[in-house]
Amino acid sequence: MLQATHADESKLTKNQSLVLAVLQSSEQPLSAYSILDRLREHGLKAPLQLYRALDKLLEAGRVHRLESMNAFVVCCHSRRGQIHPRITAFEICEACGKVNEFDDTRIEDALTKHARSSGFKIRTTTIEVHGLCADCR
């Protein structure tokens, strides 16, 4: 049976725990339907069930959605029991698909300063940088 590992696991529903466990065990970002395929034998059969679980995990900051790939990854801060920063960035290797999550207060400060000067209120931000990782160059 799949099991997610985190200090707040008691707050997750069964479906949320299953989805989180699949994402934690994956080396690559997964599409919603890839997650669903891996969980059919565990009783998760309907896309609506999956999307509800994903929405709650996204809301809780436990996972991220990579917009350009229409796929999901576990928040690396969540893996370490930390709360993720407001602005998250990802390096996405176009050859092997490896994703590296990072944050930098200088990027966050610059974007916040710019938004403030234009009167824009940032709700969420995800930065995706595409290229080749060190292993694939």
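What follows is a walk through the fold of this predicted model, from the overall layout down to single residues. Residue numbers start at 1 in each chain and follow the written sequence, and side-chain values rest on heavy atoms, with hydrogens and water left out. Local features need pLDDT of at least 70 and side-chain atom pairs count only at pLDDT 80 or more, while totals for chains, interfaces and linings use all residues.

The protein chain has 5 helices and 5 strands, where helices (H or I, at least four residues) and strands (E, at least two) are DSSP runs numbered from the N terminus. Along the sequence they come in the pattern α-α-α-β-β-α-β-β-α-β. Of the 137 residues, 39% count as buried; here buried means under 20% relative accessible area, exposed means over 50%, and partly exposed is in between, using a 1.4 Å probe and protein chains only. As for contacts (heavy atoms within 4.5 Å), 51% of those with a separation of 6 or more link residues 24 or more positions apart.

To start with the helices, two packed helices are described by the angle between their axes and the distance between the axes. Helix α1 (residues 14–25) packs on helix α3 (residues 47–59) at about 75°, and their axes are 9 Å apart. Axes here are lines fitted to C-alpha atoms, for helices over the stretch in contact, and angles run from 0 to 180 degrees between N-to-C directions. That makes α1 and α3 roughly perpendicular to each other, a label covering 65 to 115 degrees, with under 35 being roughly parallel, over 145 roughly antiparallel and the rest oblique. On the α1 side, the contact is made by Asn-15, Gln-16, Val-19, Leu-20 and Leu-23, which meet Gln-49, Leu-50, Ala-53, Leu-54, Lys-56 and Leu-57 of α3. The residues of this contact split into 7 nonpolar, 3 polar and 1 charged. In that tally, Ala, Val, Leu, Ile, Met, Phe, Trp, Tyr, Cys and Pro are nonpolar, Asp, Glu, Lys and Arg are charged, and the others, Gly among them, are polar.

Helix α2 (residues 32–39) has Ala-32, Ile-35, Leu-36 and Leu-39 as its buried residues. They sit on the same side of α2, because they cover an arc of only 100° around the axis, the arc being that of the directions from the helix axis to the C-beta atoms. An α-helix has 3.6 residues a turn, so residues three or four places apart point the same way. The cover over the buried residues of α2 includes α1, α3 and β2.

Next comes a sheet. It is open, has 3 strands in the order β4-β3-β5, and its pairing is mixed; two strands pair if DSSP finds at least two bridges between them. The edge strands, β4 and β5, each pair on one side only. On average, neighbouring strands of this sheet are turned by 20° against each other, direction ignored. Strand β3 (residues 87–93) is mostly covered, with 6 of its 7 residues buried. It runs parallel to β5 (residues 125–131), joined by 7 bridges, and antiparallel to β4 (residues 99–102), joined by 4 bridges. Phe-90 has bridge partners in both strands: Glu-128 in β5 and Glu-101 in β4. Also in β4, Phe-102 is the bridge partner of Ala-89, and Asn-100 stands opposite Glu-91. Helix α5 (residues 105–118) lies across β3, β4 and β5, and runs at about 125° to β5.

Glu-94 is in the loop between β3 and β4 and is exposed, with a relative accessible area of 57%. Leaving aside residues up to four places away in sequence, Glu-94 touches His-130 and Gly-131. The C-alpha atoms of Glu-94 and His-130 are separated by 6.4 Å, although these residues are 36 residues apart along the chain. Asn-70, in the loop between β1 (63–66) and β2 (71–74), has a positive phi of about 50° although it is not a glycine. Asn-70 is partly exposed, with a relative accessible area of 43%.
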